[in-house]
Amino acid sequence: MRILLAHNSLYYPAHGGGDKSNRLLMEALAARGHQVRVATRVERFSQADHDRLAGELRSRAIAIDDIPGGVLRFQRNDVDVRVLALNPQLRAFFTAQIAEFDPDVIVTSTDDPAQLLFDVAVKAARAHVVYLVRATIAAPFGPESSSLSEERTIRLRQADGVVGVSQYVADYCCKYGGLDAIHVPISLLEPGRPDAVGAFDNRYVLMVNPCSVKGIDILLGLADRMPEVTFGAVPTWGTTARDRESLKRRANIRILQPVDNIDDLLRQTRVMLVPSVWAEARSRMILESMARAIPVMASDVGGIHEAMMGVDYLLPVNQVTGYRPTVDEHMVPVAEVPPQNVGPWVDVLHRLTTDRAHWDSVSRRSREAALNYMDYLTAQPFEAVLEALRRNPKRGPAVAEARRNPLEGLSDQKKKLLALRLKQRTILQVESNLWFPGAEAAPPGALRLFCFPYAGGGTLPYRKWAPSLQETAYVCPVRLPGRESRLNETPVESMSDLVTTLARELESLPASPFAFFGHSMGGVIAFELARELRRRGKPMPTVLIASAARAPQFRLNHQPPPEPSETEFLEQIRRMDGIPPDVLANEELLRLAMPALRADARMYTRYVYTPEDPLALPVFAYGGDADPNVTIQHLQAWNLQTTAAFEARTFPGAHFYWQKSGTALLAELETDLRNTG
């Protein structure tokens, strides 16, 4: 694809989270073979800014071309960047870029709140337009907007696709703007795993971009209440001269300069403060800090809870109540910020700066959560969205007008349902296979490892295995109805119906060797699917690995117990090892997961084993040595289900032993796949 980014702010070098995220997204798309160009600008059109940018680029050993019309051109990581530096005719400049580059897709975003570039983009003859929403303050609709405009809202409905930086933002756009918004990852990180530079003895409790909407009042309050703590403040795009003066008046606050390499700051940081008082869309700094083992104290607003991924600490703030009809010296809307209660922040920060064991625990959990998320943070979902949109007719003004006020007259409940269905519909469009998402992308001839979920489970736990197993197998998690992007589908409650459907779906995939891995209920599904393939005379897996699952003959002549009541079932779920605490503590999440959990429980408790000849393929049984429900005897009994090789392996841990022994599990799994593939 030919992709053009309309970037109405400084693209590089820049320190804003949205600017950096746009850059890394474009570079990732270029690395995947797309032709990518960026049309951007300097902060102020002047010879001084032109020369300043040219000097900064040369200091980074980046070659520059001066193009007639006051444009600087440079290449960075295979992205062609054109910067308007002298001529303030931004719309004419962007129009010329479209004509010259002839893009397939134009990407615009909320860094262009007045829609100067968006208006030009939607008039392009053939390019599809995607709008990235990185901040609700810059959207022209809803209670968090700093500048409401029905006219600009209608224009945004001309976009062929709208992508939110978080689920919170996508839902906001659906509810208040009538936009078919979805959330896919668009805030990527630099390639590679960052080092764990956080340390209890590091010097600073750090805050980046201290300003009114980012919660400078909480930083100042902490500094006043905790004179023994040394704080670091990094002024960026929002910090005003008045803010700087407030910082300078505190003897325990050090003003630090922004840097290109965030590690230069984070290796001095013991705790990161993100006390935003506006509805933060997600916060890039949270993930950057957690990935480096730095505990984060963040406000419980907007999409920040998504960035924190269930790790402590989310703290209360009094949110912005509105915006004045004026802007500050940085052209940022002036917010009405209510007084803040710094007490809860003082209590948490005191513990994090005095209790080393607690700091270590939060640090470890922060890094684990961030690295797990990063393992699957790629440009591929966004790339799939672009590919799917290109297959549809391009929208235009008539479409936008016809969709004017589409939510008018709907109840709040119906609006939420509509937003969910729109999101699910778009996600389903970009997945080529509902049951085995991504399986068709496996390299020809590669061993595909089909991974079957435990009760209520989805694909995410198995996706994390892909980097470790990539030299041996292509991981293909199995997604059953009733979860993730199939949330609106009715879950399957019959084992025979499920394996019949799975066998048919497997036959539709390109021929290639494959193996089965199933955990708990998934082990039984994998076993019964292998027997169904044998009945049909179809290719068989190279190996069957049953994890934390009793051998099926223990279900011979099984009599299903009475179905538990709702209260009894909830209590069983709460006792289950491996259910995330944030799900158990969140009634909404638990309610969303309940239909799949209930259906899977019915399917598994009603399953009755019927004897057949053993399988003529290797079978391995894995389990936790402390699992009270699946003992070594239950695992060893799997040897009766094969005439080929068999091995029972145990690992430290209980039913979800991989939470404790994940590295050991993957090492053994790789060995078994190599030896049998």
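This is a predicted model: local features need pLDDT of at least 70, side-chain atom pairs count only at pLDDT 80 or more; totals for chains, interfaces and linings use all residues.
1. Strand β10 (residues 204-208) and strand β11 (residues 231-234) are paired in the parallel sense, with 4 bridges between them. Across this pair, V205 stands opposite F231 in β11.

2. The chain has 677 residues, of which 56% count as buried. Taking contacts between residues at least 6 apart in sequence, 73% join residues at least 24 apart.

3. A further open sheet has 9 strands, in the order β3-β4-β5-β2-β1-β6-β7-β8-β9, and its pairing is mixed. Its edge strands are β3 (65-67) and β9 (181-183), each of which pairs on one side only. From one strand to the next, the twist averages 25°. As background, strands of a sheet pair through backbone hydrogen bonds, either parallel or antiparallel.

4. Strand β6 (residues 105-109) and strand β7 (residues 128-133) run parallel and are joined by 5 bridges. V107 stands opposite V130 in β7. Helix α14 (residues 380-390) packs on the sheet and touches β1, β6, β7, β8 (161-164) and β9. The direction of α14 makes about 145° with that of β7.

5. Helix α2 (residues 47-59) lies across β3, β4 (71-76) and β5 (79-84). Relative to β4, α2 runs at about 20°. The loop between β4 and β5 contains N77, whose phi is near 50°, a positive value in a residue other than glycine. N77 counts as partly exposed because its relative accessibility is 46%, between the limits of 20% and 50%.

6. Q115 also has a positive phi, near 65°, and is likewise a residue other than glycine. Q115 sits in the loop between β6 and α4 (116-121). With a relative accessible area of 1%, Q115 is buried.

7. One joins Y12 and P13, with omega about -5°; P13 lies in the loop between β1 and α1. The peptide bond from D312 to Y313 is also cis, with omega near 15°. Y313 is placed in the loop between α11 (304-308) and β15.

8. Is N8 buried or exposed? At 12% relative accessibility, N8 counts as buried, because the value is under 20%. N8 is in the loop between β1 (2-6) and α1 (17-31). Leaving out residues up to four places away in sequence, N8 touches R41, L90, D111, D112, L116 and L117. With D112 there is a polar contact, side chain to side chain, at 3.0 Å. N8 and L117 are 109 residues apart in sequence, yet their C-alpha atoms are 7.5 Å apart in space.

9. Last, a helix pair. The axes of helix α12 (residues 343-354) and helix α13 (residues 356-374) come within 5 Å and cross at roughly 100°. That angle makes α12 roughly perpendicular to α13. On the α12 side the residues that meet α13 are R351, L352 and T354, and their counterparts in α13 are R356, H358, W359 and V362. By class, this contact has 3 nonpolar, 2 polar and 2 charged residues.

Key
Residues are numbered from 1 along each chain as its sequence is written. Side-chain values use heavy atoms; hydrogens and water are left out. Helices (H or I, at least four residues) and strands (E, at least two) are DSSP runs, numbered from the N terminus. Buried means under 20% relative accessible area, exposed over 50%, partly exposed in between (1.4 Å probe, protein chains only). Contact means heavy atoms within 4.5 Å. A polar contact is a pair of N or O atoms within 3.5 Å; within protein, one must be able to donate a hydrogen and the other to accept it, and residues adjacent in sequence count only if both atoms are side-chain atoms. Two strands pair if DSSP finds at least two bridges between them. Axes are lines fitted to C-alpha atoms, for helices over the stretch in contact, and angles run from 0 to 180 degrees between N-to-C directions. Angles under 35 degrees count as roughly parallel, over 145 as roughly antiparallel, 65 to 115 as roughly perpendicular and the rest as oblique. Ala, Val, Leu, Ile, Met, Phe, Trp, Tyr, Cys and Pro count as nonpolar, Asp, Glu, Lys and Arg as charged, and the others, Gly among them, as polar.
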